[in-house]
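Subject: Structure handover

Hello,

Here is the structure for your files. Please look through it first, then read my notes below.

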Amino acid sequence: MATDFVTCDLLDDHSDQAISVVSPSIDGKSFRNFGGHHSFGGQVVTVKCFEDNSRVKELLATEGKGRVLVVDGGASMRCALLGDMIAESAVKHGWAGVIVYGCVRDVDQMSKMPLGVQALASIPQKSTRKGVGETGLTISFGGVVIHEGDYIYADNNGIIVSGEPLI
């Protein structure tokens with residue numbers, strides 16, 4: 001997916017389409033860029049997991065085809081669901097980006113990777129791996145419902161979701 005768009009312009013250019021905007025503040029936290037690409041987008045793959053990044057690691061080791069993994073981590077601030085090694089796997093397998101409703105770690109390394117990464121915060125604590133989590137679900141955060149197969153676009157202005165591609 002191209003990384004040369006602005007979400008504001010996408011909204012303006014597609015005002016006739018149903019596009020949802022993720023709330024800029026969720027429980028006092030806002031999504032921040034942690035990856036090397038500050039604008040990214042693509043078709044959504046969903047995973048829901050709480051303090052266990054097993055499914056995140058598994059999915060990002062499959063062919064990404066320019067898609068974006070959207071992780072509903074329940075906004076946990078106790079551990080990271082994405083770090084540099086899993087992010088490297090995402091790059092190797094062609095993912096456009098990862099959006100984590102939760103935390104990430106190894107942010108200095110991720111900031112140098114050709115990958116979009118947005119999350120609520122960073123924390124050095126890694127997650128456990130017990131094989132817990134579900135994929136392909138409809139998830140919701142920031143006042144927006146996100147379905148597997150939707151299209152998501154993120155930049156420094158925010159995150160938007162559409163049922164159809166905007167680029």
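Two strands count as paired if DSSP finds at least two bridges between them. Keep that in mind for the strand notes further down. Note also that this is a predicted model.

Overall make-up first. The chain has four helices and 11 strands. Its radius of gyration is 14 Å, close to the 15 Å that the globule rule gives for 167 residues, so the chain is as compact as a globular protein of that length. The C-alpha trace spans about 45 × 30 × 25 Å along its principal axes.

Next, packing. Of the 167 residues in the chain, 51% are buried. Take the contacts with a separation of 6 or more: residues 24 or more positions apart account for 74% of them.

Strand 5 covers residues 97–104. How many of its eight residues are buried? Eight of the eight are, where buried means under 20% relative accessible area. Strand 4 runs over residues 68–72. Strand 4 and strand 5 pair in the parallel sense, over five bridges. For V70, the bridge partner in strand 5 is I99. Strand 5, which holds that partner, is mostly covered.

Best wishes

Methods. Residues numbered from 1 in each chain as written. Predicted model: local features only at pLDDT ≥ 70, side-chain atom pairs only at ≥ 80, totals over all residues. Heavy atoms only, no water. Helix = DSSP H or I, 4+ residues; strand = E, 2+ residues; numbered from the N terminus. Rg over C-alpha atoms; globule rule 2.2 N^0.38 Å. Buried < 20%, exposed > 50% of the residue type's maximum accessible area, 1.4 Å probe, protein only. Contact = heavy atoms within 4.5 Å.
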